[in-house]
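Hi,

Here's the structure I promised to send over. Have a look at it first, then read my notes below.

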Amino acid sequence: MYRPRVKICCISSKEEAKMAIKYGASALGLVGHMPSGPGIIDDALIGQIAMSVPPPIATFLLTSETKVDDIIRHYKKVNTTTIQIVDTIDKNDYQTLRSELPHVKLVQVIHVIDDKSVKEAIEISNYVDAILLDSGNPNLAIKELGGTGRTHNWDLSKTIRASISIPVFLAGGLNKDNIKQAIAHVEPFGVDLCSSVRTNGKLDESKLRAFFEEIG
Ligand SMILES: O=C(O)c1ccccc1N[C@@H]1O[C@H](COP(=O)(O)O)[C@@H](O)[C@H]1O
């Protein structure tokens, strides 16, 4: 089995960043203000952690902003390599982000719910550098935009991965017990996880080690 890239999300300190890199993470997720979720930290800390991370490790700012000016403002406080947009934005705004932040990679989250998610992913793949397939429900009164610890319908994720030509990250409830099955089924470019490698909100070295041992 091939080994996809691994993104460890919800990094909350420079020490956690170092630990995730030591075990083999290619990318780190830094969660900005969200309506819900376990991984939120403040922007000043995101900036400090991002600055401490050496190349070629990527740093992803997770932003829930939906207006292009607010996304740019958020980004400029933290200076990550990548912006992970976790909510829906206007299609025209991708072009604005490209011209205002030409050196920054754009990743759009698609919450995999039903066939409409497939259509949405295919369309948005024309505007961004990668698609990240996660569990969640942006239609709830308090939006659930990720960090759920739940898996979703991997058949839909597999269809999306096979239908688009840009890299696809798979997220949502991935852990050492289901990761091999997830990779074999969806064949993503990368996998992304938060809850399963934490204990009481902190990155747990033994869980992280066990995950990387399993993935190989
Ligand atoms: O973790 C959060 O707080 C969060 C909040 C809002 C959007 C995304 C969030 N995290 C992302 O969710 C995926 C999946 O998490 P899990 O493994 O199911 O717990 C995680 O990789 C982050 O990218």
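Before the notes, one term: a nonpolar core is a set of buried Ala, Val, Leu, Ile, Met, Phe, Trp, Tyr and Cys residues joined through C-beta atoms within 7 Å. Also keep in mind that this is a predicted model. The mean pLDDT of the protein is 97, with 100% of its residues at 70 or more. For the complex, the predictor reports an ipTM of 0.96 and a pTM of 0.96.

Now the core. The largest nonpolar core has 57 residues, and the ones touching the most other members are I8, L28, L30, L133 and L170.

Next, find strand 4, which covers residues 82–85. T82 and Q84 sit on one side, I83 and I85 on the other, and all of them are buried, so both faces of the strand are covered.

What does strand 4 pair with? One partner is strand 3 (residues 58–63), parallel to strand 4 and joined to it by four bridges; here L61 has I83 as its bridge partner. To get from strand 3 to strand 4, the chain passes through helix 3 (residues 68–78), in a right-handed β-α-β crossover.

Cheers

Note on methods. Residues numbered from 1 in each chain as written. Predicted model: local features only at pLDDT ≥ 70, side-chain atom pairs only at ≥ 80, totals over all residues. Buried ≥ 20, exposed ≤ 12 C-beta atoms within 10 Å, placed from the backbone. pLDDT = per-residue confidence, 0-100. Helix = DSSP H or I, 4+ residues; strand = E, 2+ residues; numbered from the N terminus. Pairing = 2+ DSSP bridges. Right-handed = clockwise from strand over helix to strand, strands pointing away.
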